[in-house]
There are 2 protein chains.
Amino acid sequence: MAAAVAGEEEVTNRQVILKRYVTGCPTVEDMEVVTGTLRLAVPPGSPAVLVKNLYLSCDPYMRTRMTKHAVPSFVPDYVPGKVLDNCGVSKVVLSGHPDFKPGDLLWGVTGWEEYTLIPNPVFCHMINHREFPLSYYTGVLAKAKKGEHVFVSAAAGAVGQIVGQLAKLTGCYVVGSAGSDHKVNLLKAKFGFDDAFNYKKELDLNAALKRCFPHGIDVYFENVGGAMLDAVLDNMRHRGRVAVCGQVSQYNLERPDSVDLFRLVGKHIRMEGFLVSEYAGEYRRRFEEEMARYLTEGKVVCVEDVAEGIEAAPAALVGLFAGRNVGKQVVVVARE
Amino acid sequence: MAAAVAGEEEVTNRQVILKRYVTGCPTVEDMEVVTGTLRLAVPPGSPAVLVKNLYLSCDPYMRTRMTKHAVPSFVPDYVPGKVLDNCGVSKVVLSGHPDFKPGDLLWGVTGWEEYTLIPNPVFCHMINHREFPLSYYTGVLAKAKKGEHVFVSAAAGAVGQIVGQLAKLTGCYVVGSAGSDHKVNLLKAKFGFDDAFNYKKELDLNAALKRCFPHGIDVYFENVGGAMLDAVLDNMRHRGRVAVCGQVSQYNLERPDSVDLFRLVGKHIRMEGFLVSEYAGEYRRRFEEEMARYLTEGKVVCVEDVAEGIEAAPAALVGLFAGRNVGKQVVVVARE
């Protein structure tokens, strides 16, 4: 397939669809890769863009969309029989939108398929730094605060590795947890964490945190929830802050693990959730430039776990919950 | 007993002691009222004060001190065989401290007993407004934020009634929950809440909150935890805030109820605990003057549930967990 197709050509389009709502841990059988066809066209007069997907981001939060919610979450639940969606990097094939033209590279919300017709590309952004691996644009990141003792869970994952490095750059003492000795070594040797531990080998998370933070934790960057959050709350300093990015240990549970929140009171702890999608416009642009500079200067490095081909997408997603990925999990649909 | 005793006289001193650590809901049998004696004297050269206790504050959080904690909480656990302590109003009998003299009225941390020797009165404060019922000084309060849709749980309790009235004074839309129709009427008729509901009669807390807040909750003043917190998180607005004051429904549980905290992420919700003891000095003084003005002007009213005599203290404390109190639970040890 050429990248810029002008006419009414029809292409095959492999898609990852949700087969059924998921209970417990997702399996590859909960998804299916089907082959359909797509007519390469955008509706006349519409602002739609038709894109060829290159890289798909594979994120634990997707599990939360595989359950039907009585109360809508921040993103719509997936629908059985329909294609999954998430952030990714795509190349414009056809465009009805004045801001985008064939050949442009975009990052934003797209389908888990080879080609996607995006009716209104409000969540699509032009890629400004072609000098970096395009897959980096699948990872959108949050920043830790300055000058404090910081703990990051799931620290070898997509978000954790960057958060830890940014916290180091701002002069924090940074400790991370991960689920294998290989990842722990990566945290210390490659990402420059001050310390790290393998939570699967610790009999007592509370004791592990006390060992790493004898004077307590100022900032906890929360990616996992459950028992880890519970242990962290016991080790927070007075007026400590918990930035809640995700809770990967909780997504497969019918009822979340019990956490004693009364400890927020005694130590005046603040817990705050956030979505990177809230930080749009100028803020996002500045962050992109800052990250580009850090990457160029080698101050931040990025480890990716790359699955090849759309057929590999379901297993890549399922693997997140077993901790099989080392670094950011990406699915390569096509390289151009 | 005269209030100001100069010499080395010995008095009987009835005390409420913890008999054993508590599991589940506390009962009066977990405590015991014993009669001892106390020599009316302060150690020479020490800053101690010896006080006669008048009013004792009876607060749900005391339950959390009746369990032995592996990790220390913000206040020490009670010790079996020893007298309980908490905030109260007392009259100075003897003083070795330059700031206090016999006859002064204090509020602060004191024992659940008739007389208490306070070795170092750092948590004692002079009472500045004798024009109000002294028992009001057992209730120390937190303030809601301005101009928003506010939900207060345990709204007819010690803290809830004041929080709701202050929120109304700042022009908020205020709804409260309580555990009886009588309390619900009190909220609407006496405290001026815009709406209120009896949580024990609601089959679905989520639906009750939707009825009262069709457009969602900006600020939740959290006094109960558990299922109510869970339902509230489903009804918070984007960037809503949860002020965590207490979690009375959770103190008797071995494991706290499960709450889905991932919802903090999707709606960018902030949860923050606090202790009134952190707001000391000038802030406390200003708050006291403001509350005094509101009380004088009749803009804030205060409902107390008064138990008579130190012997009534254990049952008053136990009654909090059955919701038997209407308003602030106080124990009168003596009236002067």
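Me: Before we start, what should I know about the numbering and the model?
Reply: Residues are numbered from 1 along each chain as its sequence is written, and chains are lettered from A in the order in which they are written. The model is predicted, so local features need pLDDT of at least 70 and side-chain atom pairs count only at pLDDT 80 or more, while totals for chains, interfaces and linings use all residues; side-chain values use heavy atoms, with hydrogens and water left out.

Me: How many residues of chain A are in contact with chain B?
Reply: 36 residues of chain A, and they touch 36 residues of chain B. Contact means heavy atoms within 4.5 Å.

Me: What's the area buried between chain A and chain B?
Reply: About 3100 Å², with carbon and sulfur atoms giving 57% of that. Buried area is the accessible area (1.4 Å probe) that two parts lose on being put together, summed over both.

Me: Switching topic, how many salt bridges are there between chain A and chain B?
Reply: There are 2. One of them joins the side chains of R270(A) and E272(B), at 2.8 Å from N to O. A salt bridge here is a side-chain nitrogen of Lys or Arg within 4 Å of a carboxyl oxygen of Asp or Glu.

Me: And which strand of chain A pairs with strand 13 of chain B?
Reply: Strand 13 of chain A, through 3 bridges, and the two run antiparallel. Strands are DSSP runs of E, at least two residues, numbered from the N terminus, and two of them pair if DSSP finds at least two bridges between them.

Me: What stands opposite M271(A)?
Reply: M271(B), in strand 13 of chain B.

Key: Helices (H or I, at least four residues) and strands (E, at least two) are DSSP runs, numbered from the N terminus.
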